[in-house]
Structures are given as structure tokens and as C-alpha cells.
Amino acid sequence: MRSVKYYAATSWGDAVATLAKYPLAKPLAGGSDLLGWIKDDLVGPKEPRWEILVDLRTIEGASGYRYSQGDGLRIGALTPLSTLETAKEIVENYPMLAKAFAAPASPNIRNVGTLGGNINQRPRCWYLRGPEFSCYKKGGDFCFAVTGMNQYHAILDGELCYIVHPSDTAPALLAFDAKAKIVGPRGEKTVPLSEYFIGPRVDVTRETILAHDELMTEIQVPAPQPGVKTAYFKATNRETYDFAIVNVASWLKIKDNLVEDSRIYLSGVAPTPYRATIVEQTIKGKRIDEALARQAADQQMVRARPMSDNAYKVDIAKALIRRALLEAN
Amino acid sequence: MVHTTVGQPVGQVAGPLKVTGRATYTADIRLPNMAYGAVVRSTLPHARIVSIDTSRALAMPGVLAVITGKDIPPGRVGRRIRDLPILAVDVVRFVGERVAAVVAEDQATAEAAALAVEVEYEELPAALTMRDALAPGAPILHPDLASYDGLPGAPPQQSNVLSRRTYGYGDVDEGFRQADVIIQRRYTVPRQHQGYLEPHACLVSTAPDGTAEVWLTNKTPFQAQEQAAKALGIPKEWLKVHVTPIGGDFGGKGSVMDVPVAYHLSKACGRPVRMVMSYVEEFTAAASRHAAQITMKTGVKRDGTIVAHQVRALFDSGAYGAFKPSPTLELMGNTRLGGAYRMENVAVESLIVYTNTFPAGHMRAPGLPQAIFALESQLDALARTIEMDPVEFRRRNLIREGEATPAGEQWVQVRAIETLEAAARAAGWGTPLPENVGRGVAVSEHGAGAGASTVQAGLDERGFYLRTGAPDTGTGSHTIMQQVAAETLGVPHHAIRIETSHTLAFPFDFGVGGSRVTHVYGRAALAAAASLRDTILQRAAAAFDLPTDQLGWEGGQLRRPDGRLVDPFTVIGPVEVEETYDSAGAPNVTGFCAQVAEVRVDPETGKVEVLRIVSAHDTGQVINPIGHEGQIAGGVIQGLGYALMEELPVVDGYVATQSFAEYKIPAMGDIPELEIVLLPEPTGPGPFAAKSIGETPNVPTAAAIANAVEDAVGVRIVDLPITAEKVFRALQRKHEHGHHHH
Ligand SMILES: Cc1cc2nc3c(=O)[nH]c(=O)nc-3n(C[C@H](O)[C@H](O)[C@H](O)COP(=O)(O)OP(=O)(O)OC[C@H]3O[C@@H](n4cnc5c(N)ncnc54)[C@H](O)[C@@H]3O)c2cc1C
Ligand code: SF4
């Protein structure tokens with residue numbers, strides 16, 4: 001690995017200022033994604049060779065979580081996933097979130113990998129991850145997935161670039177309507193997570209709204225509500241240590257056996273976490289049974305535009321949507 | 001026979017050193033004034049090199065030298081055929097080929113400088129697949145093939161075929177006419193990486209006179225010495241190659257990799273040069289298992305008789321044949337394309353084909369997992385088609401003592417059917433299973449290894465020792481030698497020290513490979529230990545002035561006629577003997593392995609979960625149960641990875657899986673329950689009737705799993721790996737066909 005400079009940030013303001021000053025500086029959390037990226041020397045016309053790592057773990061108070069019945073859950077972006085998957089308040093009040101925090105990779109990666117890092121990790125498209133492929137996302141002029149093997153690529157919303165969103169935690173947090181706190185040179189702001197991710201249409205070289213010198217500081221999850229049923233499923237090729245072929249997180253508010261409100265998100269299928277709005281509309285006000293679950297999943301996937309090798313993902317997505325609806329029932 | 005040390009579960013000689021991080025692997029060695037090398041690699045699959053500009057790299061602070069193919073004497077590397085240039089000259093033939101090299105004060109600078117070397121290419125048409133390479137008018141990768149050193153047989157005509165072999169007997173067309181059922185299928189298997197923990201590394205320290213000291217990760221240091229010397233055009237005595245501990249080999253560590261480059265870099269800067277391959281380099285430019293396409297057409301009668309078997313197998317060599325050691329450049333799996341089955345008419349053709357992709361090499365049982373996946377899938381499909389139980393079908397057709405295999409091999413002590421039955425029994429073959437759960441069986445075998453090796457045994461002031469020229473690749477081979485010698489000398493295994501020797505101080509040693517270690521080194525260690533004991537007894541008898549038969553040997557000590565035990569060293573001082581064992585006269589045996597896999601398939605996602613694997617073996621005497629079980633468990637896991645997830649796909653000439661996140665090997669959660677069954681009454685040519693185990697357990701697993709998937713949900717996957725999406729698609733097609741019938 002080539003050498004890079006290391007800077008231990010002392011505060012969020014310090015980190016932001018350092019990033020603002022150095023265009024080749026990059027925030028570092030657990031490093032489980034970023035260090036591999038640098039080691040494999042993934043660079044391109046719009047993907048610079050990072051020279052300075054700004055460590056966020058050294059910022060006081062950046063890690064840890066708080067829970068209260070009124071306010072819900074607040075999680076520092078630098079909190080390791082392994083802390084969250086076993087946290088008593090999370091397991092008891094948001095069991096589906098605890099499942100999602102335990103879903104990525106392997107225990108050792110979750111020990112170092114942080115929630116902020118998981119949400120902000122770069123996609124896993126194997127061309128993107130191969131040093132020789134200069135594709136759109138690195139600023140090149142080609143998408144290798146279109147003509148090459150694409151069994152793990154997007155079936156929905158792909159355009160120019162067909163990555164799938166890699167994060168297991170994002171769809172679960174989105175299903176809970178979480179918010180992200182962001183700090184930048186102009187101060188702090190809070191945005192719904194549903195406005196946080198951007199697709200290739202907006203900017204093919206980025207996956208979030210964050211500017212170079214902006215950072216995610218905290219995730220806020222609303223307090224749990226009565227009558228809510230949740231479910232989380234992840235389909236992989238390998239039992240552990242594997243990215244999702246498809247995953248589904250569902251949040252259903254049920255009243256008198258009828259669906260009053262719902263949020264259903266998928267990852268592994270589109271460049272951003274994908275909201276299954278057609279499913280939500282189809283089940284609204286209805287009682288979920290096998291037939292409705294099937295109808296909702298099928299209607300959602302009419303939207304799918306699979307590539308040459310990944311049509312199977314459409315059916316896997318349907319199967320997982322059905323399972324999520326029926327389990328939450 | 002009752003043994004005291006042989007058959008005991010003893011820990012590995014170097015185990016404590018390895019688990020505490022104190023073992024000195026090649027990459028751990030630091031020499032004073034050492035410099036660091038890095039390689040500039042081709043970014044195109046086939047191209048003419050127009051120019052190489054090294055000026056920016058040379059100008060970087062800390063850079064000591066930059067070399068290209070034009071700066072060094074021309075030289076090609078290879079284990080048999082020498083077709084791989086040390087550094088490309090004029091032409092590159094795969095993405096990842098070495099084009100230039102840099103040496104610098106530290107690793108980071110070397111890597112940064114390698115990036116600063118600018119190469120201008122003129123792209124040439126490439127043959128990226130075997131189909132492209134064999135098509136009429138295909139670009140010829142090696143127009144000068146006939147002039148290469150090490151090419152066996154007559155020079156081939158201008159084509160991309162590196163080697164071709166045919167065998168068979170009878171008349172397959174006549175056989176197919178007699179068949180009740182004929183199945184023809186094409187099986188494809190991907191490249192597989194060995195996945196060892198330790199990447200290839202080397203350290204080369206040249207002297208002004210051109211001699212050099214070499215450390216490298218290589219299981220055959222004496223052959224590496226010859227390979228490197230030939231490539232460099234120097235006498236092999238100029239290279240002192242050390243035997244180093246190997247952090248996993250699985251067949252992949254038989255080539256010299258960066259050694260010739262490091263030699264030239266060391267000469268260029270006058271300092272020792274260390275080079276360690278990154279795992280990206282491992283996945284894109286090391287010596288992975290050959291991808292293959294195997295077409296089989298097989299005819300059977302309703303009673304299960306195999307009347308005709310026709311095979312065309314294509315193995316993808318990549319751009320070079322340099323990593324294949326066999327004198328014929330074949331893979332040994334070629335000879336198993338009909339397995340160990342009785343077949344009335346056979347016609348096999350197999351080709352090794354050059355393509356513009358990274359060169360393939362040897363991996364654990366070269367060619368066998370490919371051949372056996374195809375064969376055992378094919379036989380299973382036939383059995384199901386004639387509605388015969390797959391175990392019964394195999395029982396009827398496996399060869400018995402006195403019969404030869406389709407490739408003409410004949411063994412003694414053939415225990416194929418006993419091994420199959422042992423596996424079926426342990427697996428509860430025939431008992432009912434829940435829905436979507438299935439069982440599959442597959443059979444393979446591997447010989448007990450062959451060749452000659454020398455081992456020295458001695459006694460000095462520190463005690464007994466053995467000296468070998470072979471490294472322990474992590475399999476526990478040194479422990480086996482220790483145990484065998486300990487048994488012979490009547491001492492505990494830890495009372496014997498293991499020493500290794502470098503290439504200038506020890507007779508030529510063939511090294512590790514072909515499952516020969518337990519047999520050949522074991523027998524050599526046994527002979528050396530026996531000779532040491534006899535020599536000590538003779539010399540001690542002379543010293544005591546006693547007839548030899550008046551002296552006893554007990555627990556490594558001398559027993560005098562008065563009953564007193566005496567330490568032999570105090571009587572005769574240091575002593576050393578040397579023995580060579582040659583397997584030439586040994587009986588020709590093989591060791592069978594039958595596996596039964598039990599899988600559950602999720603019909604909604606296609607995901608295959610392996611629930612249980614039974615692996616039955618006729619290994620002969622187990623010398624070390626820990627090592628033996630480790631070989632089986634590890635082999636089954638490697639076979640499971642091959643079956644379900646491992647592949648190095650090449651897209652437009654580029655490898656798509658360049659890290660362990662993309663290249664998936666089984667993780668803990670994927671590993672099923674394993675039950676090992678060993679046949680009683682050991683027979684074998686090795687020490688204490690041992691056979692081999694290393695290259696057997698990884699071979700039948702993929703076919704057993706594929707067969708179990710068909711048993712579970714009725715779909716047959718003929719392309720490895722059997723991923724969820726392939727099973728899912730096959731299930732979909734099956735349902736669509738079902739609808740059409742209505
Ligand atoms: C082999 C492997 C398998 C994996 N499998 C899965 C999986 O199945 N599912 C899954 O969801 N994930 C998976 N991951 C990803 C893993 O979860 C992430 O690597 C990890 O969560 C990232 O956390 P980190 O703290 O190490 O991030 P880092 O590697 O430090 O950072 C990741 C990226 O996010 C940026 N970043 C980090 N923190 C912030 C912040 N607070 N604000 C703004 N930007 C920030 C960094 O600049 C960097 O670009 C896998 C990773 C590996 C290596
Ligand atoms: S899918 Fe996106 S990241 Fe992958 S090759 Fe295409 S442009 Fe690059």
C-alpha cells in the first residue's frame with residue numbers, strides 16, 4: 001500500500017476545516033471500506049488518489065448512542081456496528097434495527113466498521129473495485145456492467161451506472177424514517193435519510209448529498225410506535241461475510257388488522273436504497289394475506305428493468321417482499 | 001502392529017511458532033540495506049509495446065532503479081515450457097503481465113513509482129475465450145511456440161493449442177448404437193484461486209559476481225533454483241535457495257514468480273531486494289486453477305452398462321504454459337475424464353489452449369475437480385434417466401481389482417466399491433428426506449504419490465534430528481517425518497529435531513507435490529531413522545567391543561548386556577546417515593474417496609444450503625489424525641467453495657473479482673457438518689501402510705453437491721459455481737416447461 005498522511009481530528013469543526021482545506025483529504029471511520037479502496041488503488045479521472053486521512057474516531061462524543069422513550073434513538077456516526085447490534089435498548093425497542101446492524105459482513109468487520117461508515121461506504125460493483133476498470137463512477141467513459149457480467153447489478157433505477165446500494169443498515173433505518181445530522185462549513189443541519197442518497201442521474205461519481213467537506217455526525221430514529229410490525233430479510237450467496245443479493249426492511253403500522261401506514265425499503269436492487277412505494281400503496285387500508293402480498297410484490301417489480309444476467313433478482317426481491325409482508329402480518 | 005507415535009494426534013512441529021507469530025516467512029526476513037521492488041503490469045490483454053517512459057519514475061526521490069524487458073538479457077521462465085518472459089519484450093499477452101519493475105528505498109515509494117511508469121501500447125486483437133482462441137483466423141498468441149525451450153513432442157502447427165492428448169479404445173459410434181440412453185452435456189468450470197494466507201514473496205540478494213542468495217515462497221526450492229537459473233541464463237550453482245516455511249500452498253507455490261525480476265533489480269541497485277505480491281496481483285497474475293469446458297457424451301444400457309463415453313475437454317491455459325510442471329504440459333485430471341469406471345468404448349480428447357487471459361497453474365489435484373465434476377454429474381444424470389439408484393449405478397460400474405480405468409491405469413488393492421458403500425451407509429443413503437432436501441454422491445481417487453527423495457538422519461549433542469530439502473507447506477509434512485522416525489527410533493516425536501537445508505548443501509530434492517510427501521518423504525525418513533539406529537548400534541558395539549546382537553535399543557538409548565541404559569552420543573559422538581527412497585518399485589495403488597452431500601434448496605431464492613457431507617476414504621494407515629482430518633475438512637471446504645461460490649471471471653480480459661470481498665470463499669456459516677469415514681485394514685506403499693490424503697477430499701465435493709441439488713429440486717446445474725441465481729433460473733425454466741406440457 002502506498003503511504004498516506006494521517007490526521008486525528010479533534011472535533012467535528014476541526015475535521016470539516018481540514019477537509020475544506022485539503023481537496024485530497026478523506027474522512028476515515030473504521031477504515032474497513034476505505035483502506036481496502038486505497039490499498040487497491042482505485043483511482044480515475046474523477047476519483048482522486050487520496051493523500052490525507054482525517055480520522056473521525058478521535059472526535060470526542062462521536063461514538064455512542066442514547067435512547068429515550070420520548071425522543072427515540074440517537075446514534076453517533078462513529079459507533080461500531082457490533083456495539084449497536086447487541087445494545088439492550090435497541091434489541092428491545094427496535095429488534096428489526098438490531099437485526100440490520102448484525103447483518104453486514106462478519107463480526108470482526110462490525111467491530112471496526114461504524115454506522116456512519118456503513119451508510120457512506122462506496123458501492124461494490126466489481127468493475128468499480130478493479131483498478132483497471134476506468135468506468136463512469138471513477139470519471140471514465142464506460143460502464144462495464146452493461147456489456148459484461150452483471151449478475152449482482154441493479155434491476156431498478158439504473159441509468160449510466162448500475163451499482164446497487166451496498167448498505168444493510170440503510171433500508172432498515174429508512175423504514176424507521178430515520179434522519180441524518182450533517183455538519184459542514186456552514187454549520188449543522190438535519191435531513192431525512194430519505195433525502196440523503198442520490199442516484200447516478202444526479203451525480204454518477206457520488207452516492208450521497210454530502211459535499212467533500214461535509215460529514216454525517218449522527219443518526220436519529222423516531223421513538224417506537226404502538227401497533228408497528230417490522231421485518232428484515234437478506235438474501236446472500238454465502239452465509240456470512242457477504243453483500244446482499246437483495247434485502248428488504250419493512251415497517252408496517254397495523255390497526256384493526258388493516259395496514260394504516262407502511263414504509264418498505266430494499267437494498268441490493270438499485271443505486272440507492274429503494275422504496276417500494278407500489279407495495280405500500282397496494283397494501284394500504286387492507287388486511288395482508290398471501291394473495292395480497294403476492295399481488296403487491298408482483299406489481300412493484302413490474303418496474304424492474306433487469307440486465308442480461310440479473311433477472312433472477314427480480315424474483316428474489318418478490319419472494320423477500322412477500323416474506324416481509326407476511327411476517328409482519 | 002501397535003504403534004506408539006504413528007497414529008497419534010500430535011501437534012505440528014512449527015505450530016507454536018506459527019500461532020505465536022514467530023515463524024519467519026519469506027516476507028518477514030529483513031536484510032541490512034534491503035530495498036523494495038514493485039512491478040508495472042500490462043493493462044491490456046494483447047498489445048504491442050510502443051514505448052515505455054521511465055523518466056518520471058526514475059526522478060522520484062527514493063527510487064533506485066527502473067528496468068524494462070529491454071534492459072535485461074532476454075529470458076523466459078517456466079516450470080516445463082519456458083514461454084513467459086521475465087519482463088515483456090515488445091508484446092504483452094494478458095492484463096497483469098510484467099512490463100517493467102521498480103526498486104526503491106521503501107515499499108510505498110516503489111509502488112508509487114510503478115504507477116509513474118508510462119507505457120504506450122498499440123492494441124492487438126485478443127483471444128479472450130477458448131472459443132475465440134480456437135476459431136479459424138484467431139490471433140495466434142505464440143507464433144514462435146516451436147522455438148520455445150521445454151516444449152514436449154513435435155512442434156505444433158500455428159494454433160493456440162499448447163498440448164493435445166487423446167486416448168481410448170473400442171468404437172464409440174458402435175457403442176452409442178447399442179445404448180438405450182445417451183446424454184450429451186457441456187460442463188463449464190471457472191478458475192479457482194488457492195486462497196492461501198501468504199501471498200507469493202521473495203527476497204534476492206545478489207553479489208557482484210552474479211551469484212545470489214534467494215528466499216522465496218516455494219514448495220520445490222531445488223526446482224525453483226533450476227527454473228530461476230535457466231531463466232536468468234546462469235549456472236544453477238550460482239543460486240543458494242533457502243527452504244522457508246510456506247503459508248499455504250494448495251498447489252499454487254511451485255513457480256518462481258518475481259524471483260528473476262528481483263534478481264535483476266538487485267543487480268541494478270546492488271542491494272538485496274524484497275518483493276511481495278499484493279492480493280490483487282495474486283487474483284490477476286498468479287497461478288490459479290484452470291477453467292475448463294468439458295463436453296461429455298455417454299451412452300448406457302438400461303441395466304446400467306456404460307457402452308460408450310466420448311469426451312472433449314478444453315482447459316484454459318491463459319497466455320502462458322509456464323506454471324504447468326508436467327513433462328507433457330497436461331493436467332493429471334486429463335486421465336480421469338472416465339474416472340475409475342468400466343466403460344466399453346472410450347474416446348477422450350483433451351486440449352490445453354492459450355488465451356489472452358492470466359496464466360493458469362496448478363491447484364490441489366490439478367485438473368481433477370474439473371474432470372470429476374463433469375464425469376460424476378454426467379453419470380448421475382444417466383443413472384437418474386434409467387431410473388437406477390445413483391449408488392447402485394456406480395457400484396455396478398466401478399472397476400474391481402484386475403481391471404483398468406478408461407485411461408489404462410491399473411492398480412492393486414482396489415477398494416472403490418467398499419469406499420462407496422461406506423459413504424452411503426454413513427449417510428443413510430435411501431432414507432427419506434424432507435421436501436427440497438436432497439442427497440448426492442460422487443467418487444474419485446488419487447494415487448499415493450511417487451518419486452525419489454533423500455532424508456538425512458543424525459545424532460549430535462542436541463539429540464536426534466532429521467534434515468530435509470523440502471519445506472512444510474502447512475500440511476504437517478515435517479511432523480509426519482518426525483513421527484515416522486520417532487516410531488523407528490522408539491522416542492517421542494518431539495525428541496527429533498527437523499532441519500531444512502538450502503540448495504547448495506543438500507542433494508537435489510524434488511519437493512512437495514502430487515501427494516507424495518507422506519509416502520516418499522515418510523519412507524525416506526523411515527529408512528534414514530532405521531539406518532541411523534543400525535549405524536549407532538554397530539559403532540557402539542565396536543566401541544564396547546561387543547557383538548552387535550549383545551546391544552539392545554530402547555527408547556533411543558543403548559541397553560548393555562548388564563541392563564544399563566547408555567546415551568549413545570556419549571559412546572560414539574556425532575553420527576549422520578543419509579537415505580534415499582525411490583517409489584519406483586512400490587505397488588501401484590490409489591486411494592478412493594466417496595462423498596455424499598445433503599443439501600436444502602430454497603425454492604423461492606434458489607439458495608443452496610449444504611447440511612451435511614460424509615467423506616469416506618481408504619487412506620491406509622493414518623500417521624497423524626489431526627493432520628489427516630485437517631486435510632479432509634479443508635479439502636471439503638475448498639471443494640464446497642468451488643461448488644457454490646468461487647470463481648475468477650474474466651470480463652474483456654480483466655478479472656472481475658480482485659479482492660476477497662468479491663472472490664468468495666466459504667466462511668464459517670457455510671460450512672456443514674462433516675462426517676469422516678475411514679476404511680479399516682490399511683494398505684498402502686507409504687510408511688506403516690500409509691497412502692495419501694491431500695488431493696482427494698476437495699475433488700468429488702462439487703459433483704456430490706450438484707447431484708444433491710438435482711435430487712432436492714430436480715434441476716441440474718452444469719456450470720460451476722452453483723449460485724442461487726443459477727438454481728433459481730433453472731427452477732424457473734423447469735416450471736415454464738411444466739406449464740407448456742399442460
Ligand atoms: C469483506 C466485506 C464484506 C462486507 N459486507 C457487507 C455487507 O454484507 N453489508 C453491508 O452493509 N456492508 C458490508 N461491508 C461494508 C462494511 O459494513 C463497511 O466496510 C463498514 O460498515 C464501513 O465502516 P467503516 O467505519 O469501516 O468505514 P470507512 O471504511 O472508514 O469509511 C467508508 C466510507 O465512508 C466515509 N465515511 C465514513 N464515516 C463517515 C462520516 N461520518 N461522514 C461522512 N463520510 C463518512 C469514508 O470517507 C469512506 O468513504 C463489507 C465490507 C467488507 C470489507
Ligand atoms: S455499474 Fe457503475 S460502478 Fe459499475 S462499472 Fe458501471 S458505471 Fe462503474
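Which residues of α7(B) are buried? The buried residues are V259(B), P260(B), V261(B), A262(B), Y263(B), H264(B), L265(B), S266(B) and C269(B), where buried means under 20% relative accessible area, exposed means over 50%, and partly exposed lies in between, with a 1.4 Å probe and protein chains only.

This is a predicted model, in which local features need pLDDT of at least 70, side-chain atom pairs count only at pLDDT 80 or more, and totals for chains, interfaces and linings use all residues. Residues are numbered from 1 along each chain as its sequence is written, chains are lettered from A and ligands numbered from 1 in the order in which they are written, and side-chain values use heavy atoms, with hydrogens and water left out.

**Helix α7 of chain B**

- Helix α7(B) spans residues 259–269, and because nine of its 11 residues are buried, the helix is largely enclosed by the rest of the structure; helices (H or I, at least four residues) and strands (E, at least two) are DSSP runs numbered from the N terminus.
- The residue that follows α7(B) is G270(B), which has a positive phi near 70°.

**The contact between chains A and B**

- Chain B brings 37 residues to the contact and chain A brings 33, contact meaning heavy atoms within 4.5 Å.
- About 3100 Å² is buried between chain B and chain A, with 54% of it on carbon and sulfur atoms; buried area is the accessible area (1.4 Å probe) that two parts lose on being put together, summed over both.
- Of the area that chain B buries against chain A, 17% comes from E604(B), K664(B) and E725(B), more than from any other three residues.
- E662(B) is found in the loop between β31 (654–655) and β32 (673–678) of chain B, and with a relative accessible area of 12% this residue is buried.
- Not counting residues up to four places away in sequence, E662(B) touches R124(A), W126(A) and R129(A) of chain A, as well as T657(B).
- The side chain of E662(B) makes a polar contact of 3.2 Å with the side chain of R124(A), and another, of 2.7 Å, with the side chain of S659(B); a polar contact is a pair of N or O atoms within 3.5 Å, and within protein one must be able to donate a hydrogen and the other to accept it, while residues adjacent in sequence count only if both atoms are side-chain atoms.

**The surroundings of the ligands**

- Ligand 1 is surrounded by residues from chains A and B, so its site is shared between chains; a residue is near a molecule or strand if one of its heavy atoms lies within 4 Å of it.
- The shell around ligand 1 holds 34 residues, of which the closest are P27(A), G30(A), G31(A), S32(A) and T114(A).
- By class, this shell has 18 nonpolar, 11 polar and five charged residues, with Ala, Val, Leu, Ile, Met, Phe, Trp, Tyr, Cys and Pro counted as nonpolar, Asp, Glu, Lys and Arg as charged, and the others, Gly among them, as polar.
- In chain A, β2 (25–28), α6 (107–112), α7 (115–120) and β8 (215–221) each supply at least two residues of the shell around ligand 1, and α7(A) gives the most, with four residues.
- The shell around ligand 2 divides into 10 nonpolar residues, one polar and one charged, and includes C125(A), C135(A), C143(A), H153(A) and C161(A).

**Backbone features in loops**

- Most residues other than glycine have a negative phi, and most peptide bonds are trans.
- D256(A), in the loop between β10 (246–255) and β11 (258–267) of chain A, has a positive phi of about 50° although it is not a glycine, and at 67% relative accessibility D256(A) counts as exposed.
- E681(B), in the loop between β32 and α16 of chain B, also has a positive phi, near 55°, and counts as exposed at 62% relative accessibility.
- The peptide bond from L720(B) to P721(B) is cis, with omega near -5°, and P721(B) lies in the loop between α16 (701–713) and α17 (724–741) of chain B.
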